[in-house]
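Hi,

Here is the model I promised to pass on. Please have a look, and my notes follow below.

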Amino acid sequence: MQMKQLIMSKNCHAMLYIVVFMTMICYNNLVLAQKPSTNDANFYQASPAMMPRDTNAKRKPELVEVHKLDSTIKLDIYYASANKNVFGKKFYSEARAFLQKPAAEAFVRAHHAVKKHGYGLMITDAYRPWRVTKAFWEITPPEKREFVANPNDGSRHNRGCAVDVTLYELATGKEVEMPSKVDEMSERAYPTYMGGTEQSRKLRDLLKMALEAEGFKVIRNEWWHFDYKDWREYPILDVEFQDIK
Ligand SMILES: [Zn+2]
């Protein structure tokens with residue numbers, strides 16, 4: 001390499017470092033999400049990306065495993081199995097449900113409330129690592145994206161303050177019929193949908209009443225999704241289940 005070329009090459013490298021450094025400064029509210037390693041062919045991993053950080057979220061995360069607070073709460077974690085969710089892929093290596101401690105305790109109280117009516121709560125998803133929200137966005141067609149969170153904003157699931165939940169019958173242990181399936185991307189998913197059987201609407205409303213009495217709020221287009229009131233105070237997280245202490 002001639003001297004002139006060498007100097008130009010060094011200048012190019014210097015420019016590249018400056019560009020990278022400036023980019024890091026511009027995105028100082030972002031952190032790089034790492035991909036987990038797996039050999040499972042059905043396991044879907046999002047492409048590597050910068051995770052947004054909410055600088056207003058000041059509360060220290062304290063994720064707790066809901067099932068450990070009350071083992072009669074059922075789990076049917078859709079994203080831990082490729083044949084349970086609408087995407088047909090596996091996103092979690094373990095079927096577990098975590099929430100921030102105050103949300104988890106409120107959830108247990110709601111479970112006790114529905115028990116008085118002969119039902120129990122069944123979680124299909126709770127805390128969700130950010131990389132999984134990114135994966136959902138990548139594989140959802142644009143016209144269906146009202147049903148998935150934009151990874152640029154993070155989701156309330158990423159903060160450990162949202163739960164997807166339905167009811168099961170205490171007597172039989174079976175999941176009840178609701179106006180739509182959990183995760184169904186249609187108008188039947190709206191909590192205000194007036195179709196379906198009267199009994200299914202009654203159970204949907206019982207679920208809503210019990211959770212909203214404990215500080216959760218259902219979202220407008222998914223009867224099964226509830227946000228805990230303090231979600232803004234918790235940061236967006238990308239911790240895998242097995243790494244939660
Ligand atoms: Zn949800």
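Is V239 buried, exposed or partly exposed? V239 counts as partly exposed because it has 16 C-beta neighbours inside 10 Å (20 or more other C-beta atoms within 10 Å means buried, 12 or fewer exposed, in between partly exposed, with C-beta atoms placed from the backbone).

Two notes on the source: this is a predicted model, where local features need pLDDT of at least 70, side-chain atom pairs count only at pLDDT 80 or more, and totals for chains, interfaces and linings use all residues. Residues are numbered from 1 along each chain as its sequence is written.

V239 sits in the segment after β9 (222-228); helices (H or I, at least four residues) and strands (E, at least two) are DSSP runs numbered from the N terminus. Leaving out residues up to four places away in sequence, V239 touches P129 and I244 (contact: C-beta atoms, placed from the backbone, within 7 Å).

Now to helix α3 (residues 101-115). Its buried residues are A103, A104, A106, F107, A110, H111 and V114. They lie on the same side of α3, because they cover an arc of only 160 degrees around the axis (taken from the directions from the helix axis to the C-beta atoms).

The axes of α3 and helix α5 (residues 198-212) come within 8 Å and cross at roughly 135 degrees (axes are lines fitted to C-alpha atoms, for helices over the stretch in contact, and angles run from 0 to 180 degrees between N-to-C directions). The contact is made by A110, A113 and V114 of α3 with L206, A210 and L211 of α5.

Best wishes

Note on methods:
Contact = placed C-beta atoms within 7 Å.
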